[in-house]
Amino acid sequence: RAGFAPWCADLFADADLARDCPVRKINAAHYPACLITAARQAPPGPWMYTGALENRPDFVGKVVRSLWGNSPEVLRRVRSPLLLADALRSHGLSSPHVCSRTDQTHPGRRYLVKPLQSAGGNRIRFFELDVDFDPRRCYLQEWIDGESCSAVFIGDALGQAQMLGATRQLVGESWLAAAPFAWCGNVGPLALGQDTTANLQRIGQTIVQEFALRGLFGVDFILRDGVVWPVEVNPRYPASLEVLERATGRPLLAAHAAAFGDAATLASVRPSFGRVVAKAILFARRSFVIPKQNPWYAALEMPLDDPTVPFADIPACGTRIETGQPICSAFAGADSLNECLTQVRATVGDLERRLMDP
């Protein structure tokens, strides 16, 4: 959509990606070390990372290429739950209580055990006194009851942040067979009030100012009674951006590239939204093999950059999907959030029936 020709290294090398782009499938047993080898074999050009690699700044630093992304030093700081909470509170912003020891929790509050190397809500659980807690791998974060959301920002070289939009997160949805706390999609953009939007802009500006983030990044937050509670920063191209791009028809990755170009500041890239878009990730309720006659053959005939493609992350025929693994992503668009969710639920239900009984 942004006019670039990507060369990819990917754990899944799905059929729609492999159809349109050169892609090297990465062996999960050797991830992420084998990415270093893949980067050496890629054609000349800059590189960028996507989800979960922010947890491995050591490997990010080993790729000897121009980086369209945040450096290992920035990643180490912004991915520290304690540093993030301190930075937000120092600017008068709300932040859930976080701690690294069980004796630091506040009586009467409920806490989550979250891995320090988190991705997609995996391995998150409620803290109980009789459950093992390893402070070398996990931390405790106060549970804030409310609506799970994501906001997308872009930062420039002079430390200025722009908010591009916000979406509602789909988390642990039973109709998607997702595990508790598992991220399984987004729907938006959200129509937020002026005060909430201003609060989010302050949060994005604080994060860019305190941690020197550049380019696209996401902030997951809980919205409760109009108050924004940031819970995590994703310091790279966030998964919810795809929803905003489809809702606007604008290739926002172009602004990410510009953030690492010669210009110190970016022209305003605040998008104008024309519709609501939902992205839902379906997980497998049981193990099965992708049939030869699959429900998404028509999607594979559409260009990858077509904003109306109904499915993405499409596994190749014959791929074995194990229980609990993601199958693919489904999309829907409508004039309202509720109508959009109704449409994508219907699409997912039909897809699941056809896959389970091809």
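This is a predicted model: local features need pLDDT of at least 70, side-chain atom pairs count only at pLDDT 80 or more; totals for chains, interfaces and linings use all residues.
Let's start with strand 8, which covers residues 161-171. Of its 11 residues, 9 are buried, so the rest of the structure largely encloses this strand. If you are looking at side chains here, keep in mind that in a regular strand they alternate between the two faces of the sheet.

## Partners of strand 8

Strand 7 (residues 147-155) pairs with strand 8 in the antiparallel sense, over 7 bridges. The hairpin formed by strand 7 and strand 8 has 5 residues between the strands. In this hairpin, Gly159 takes a positive phi near 80 degrees.

Strand 8 also pairs with strand 9 (residues 183-188), again in the antiparallel sense, here over 3 bridges. A handy landmark is Val171, which stands opposite Trp183 in strand 9.

## Where helix 5 meets helix 6

Now for the helices. The axes of helix 5 (residues 81-90) and helix 6 (residues 194-211) come within 10 Å and cross at roughly 120 degrees. The two helices are therefore oblique to each other, and their crossing is right-handed.

Helix 5 makes the contact through Leu83, Leu84, Ala87 and Leu88, while helix 6 brings in Ile203, Thr206, Ile207, Glu210 and Phe211.

Terms used
Residues are numbered from 1 along each chain as its sequence is written. Side-chain values use heavy atoms; hydrogens and water are left out. Buried means under 20% relative accessible area, exposed over 50%, partly exposed in between (1.4 Å probe, protein chains only). Helices (H or I, at least four residues) and strands (E, at least two) are DSSP runs, numbered from the N terminus. Two strands pair if DSSP finds at least two bridges between them. Axes are lines fitted to C-alpha atoms, for helices over the stretch in contact, and angles run from 0 to 180 degrees between N-to-C directions. Angles under 35 degrees count as roughly parallel, over 145 as roughly antiparallel, 65 to 115 as roughly perpendicular and the rest as oblique. A crossing is left-handed if the near helix is turned anticlockwise from the far one by less than a right angle, and right-handed if clockwise. Contact means heavy atoms within 4.5 Å.
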